[in-house]
Amino acid sequence: MDPSLGHAYLYTDLDQETYAGFEWDILEAIAQTLRVQVNPVVVAWSEQLAALQADEVDLILGAREPLGLDSEQFLATRPYYLSPQRLVVRDPAPKDSVPLPREEPLLEELSQLFGRKVGIVVNSTGAALLEAYNERRGNAIRLFATSNPERLFAQLQAGQLDAVLIDQPVAAMALRQPRSRLRLSGPPLSPIPLVGVVSSQHPSLKQALDQAISALSEDGTLQQILEKWQLWEPTVMSPAST
């Protein structure tokens with residue numbers, strides 16, 4: 001795993017001297033179901049597939065999509081989370097301030113973003129979505145791209161951006177920050193399955209992991225974990241039927 005992926009996913013909790021994040025909670029729940037102990041091995045995200053091939057680890061877990069995996073070398077588990085893109089906007093009437101005299105309509109649909117300044121993360125699903133949208137509509141949305149999500153949220157709160165389109169786990173952490181004046185708006189978009197990855201030489205491990213994830217979904221544990229991190233979206237998240 002790579003705890004440098006950042007908050008919400010899987011990160012180092014320095015105060016508790018352990019790991020945290022919704023993926024860490026799911027990993028611990030899987031281990032408990034399988035009656036095994038987690039042995040964390042920190043490997044940079046870009047080097048994880050090579051580490052798996054070299055038998056340095058048994059499982060990769062952390063913001064990993066099944067798309068693009070070589071099926072002859074790697075096996076993807078069933079999804080443990082469907083990660084959508086979410087539109088983040090400023091709260092038009094935060095509780096600790098006086099409402100503006102003229103309230104603009106809340107941005108909820110992509111069609112409402114025409115002419116607006118929208119922040120995206122470079123090479124993200126949200127970036128691909130809006131770039132494709134712009135190609136069909138003559139660059140109607142003014143895109144601002146960066147690799148730093150914190151910068152996007154700061155500019156959004158300062159009024160320099162009208163909205164941000166970003167992965168829901170990243171958005172959820174931004175909304176939980178003190179004095180946040182941000183909110184989610186509109187429906188979840190383009191949910192992407194997140195999976196664990198094992199070597200194709202160990203199909204029995206994939207089968208065991210699939211059964212554990214299925215059991216966590218059926219007994220409600222998966223939903224409880226995602227609700228804890230404000231990630232449960234009943235309209236898209238049903239890994240058991242994926």
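This report describes the sheet, salt bridges, aromatic pairs and selected contacts of a predicted model.

## The open sheet

Five strands make up an open sheet. Their order is β6-β5-β7-β4-β8, and the pairing is mixed. At the edges are β6 (142-146) and β8 (182-194), each of which pairs on one side only. From one strand to the next, the twist averages 20 degrees.

Strand β5 (residues 117-121) pairs with β6 in the parallel sense, over five bridges. Within this pairing, Val121 has Thr146 in β6 as its bridge partner. Helix α3 (residues 125-137) packs on the sheet and touches β4, β5, β6, β7 (163-167) and β8. The direction of helix α3 makes about 135 degrees with that of β5.

## Salt bridges

Side chains of opposite charge can pair when their charged atoms come close. How many salt bridges does the model contain? The count comes to three.

One of the salt bridges joins the side chains of Lys228 and Asp25, with an N to O distance of 2.9 Å. This pair links distant parts of the chain: Lys228 belongs to helix α7 (residues 221-228) and Asp25 to helix α1 (residues 22-34), and they are 203 residues apart. Asp25 has a relative accessibility of 16%, so this residue counts as buried, the limit for that class being under 20%.

Another salt bridge is formed by the side chains of Arg86 and Glu233, at 2.7 Å from N to O. Arg86 is in strand β4 (residues 81-90), whereas Glu233 is in the segment after α7; the pair therefore ties together parts that are 147 residues apart in sequence. Arg86 and Glu233 are both buried.

There is also a salt bridge between Lys206 and Asp210, whose closest N and O atoms are 2.7 Å apart. What separates Lys206 and Asp210 along helix α6 (residues 203-218)? They are four residues apart in this helix, so the separation is about one helical turn. Lys206 counts as partly exposed because its relative accessibility is 23%. Asp210 has a relative accessible area of 16% and is therefore buried.

## Aromatic pairs

Across the whole structure, a search finds five aromatic pairs. Among them is the pair of Tyr11 and Trp229, with ring centres 6.4 Å apart. The planes of these two rings stand at 90 degrees, so the pair is edge-to-face. Tyr11 is in strand β1 and Trp229 in the segment after α7, which makes this a link between distant parts of the chain, 218 residues apart. Both Tyr11 and Trp229 are buried.

Phe114 and Tyr133 form a pair whose ring centres are 6.2 Å apart. Why is this pair classed as tilted? The ring planes of Phe114 and Tyr133 are at 55 degrees, so the pair is tilted; the edge-to-face class needs an angle over 60. Phe114 lies in the loop between β4 and β5, while Tyr133 lies in helix α3, 19 residues apart. Phe114 has 40% relative accessibility and so counts as partly exposed. Tyr133, with a relative accessible area of 10%, is buried. Elsewhere, ring pairs link Tyr9, Phe22 and Tyr81 into a cluster.

## Charges over rings

Tyr133 also takes part in another arrangement: the charged end of Arg137 sits over the Tyr133 ring, 4.0 Å from its centre.

## Around Pro3

Pro3 is found in the segment before β1 (11-13). Is Pro3 buried or exposed? At 14% relative accessibility, Pro3 counts as buried.

Which residues does Pro3 contact, leaving aside its neighbours within four places in sequence? They are Leu10, Tyr11, Thr12, Tyr19 and Val42. One of these contacts, Tyr11, has a ring that pairs edge-to-face with that of Trp229. Another of the contacts, Tyr19, is 16 residues from Pro3 in sequence, and the C-alpha atoms of the two are 7.7 Å apart in space.

Key
Residues are numbered from 1 along each chain as its sequence is written. This is a predicted model: local features need pLDDT of at least 70, side-chain atom pairs count only at pLDDT 80 or more; totals for chains, interfaces and linings use all residues. Side-chain values use heavy atoms; hydrogens and water are left out. A salt bridge is a side-chain nitrogen of Lys or Arg within 4 Å of a carboxyl oxygen of Asp or Glu. Helices (H or I, at least four residues) and strands (E, at least two) are DSSP runs, numbered from the N terminus. Buried means under 20% relative accessible area, exposed over 50%, partly exposed in between (1.4 Å probe, protein chains only). Contact means heavy atoms within 4.5 Å. Two strands pair if DSSP finds at least two bridges between them. Axes are lines fitted to C-alpha atoms, for helices over the stretch in contact, and angles run from 0 to 180 degrees between N-to-C directions. Rings of Phe, Tyr and Trp (its six-membered ring) pair if their centres lie within 6.5 Å; planes under 30 degrees apart count as stacked, over 60 as edge-to-face and the rest as tilted. A charge sits over a ring if NZ of Lys or CZ of Arg is within 6 Å of the ring centre and within 35 degrees of the ring normal.
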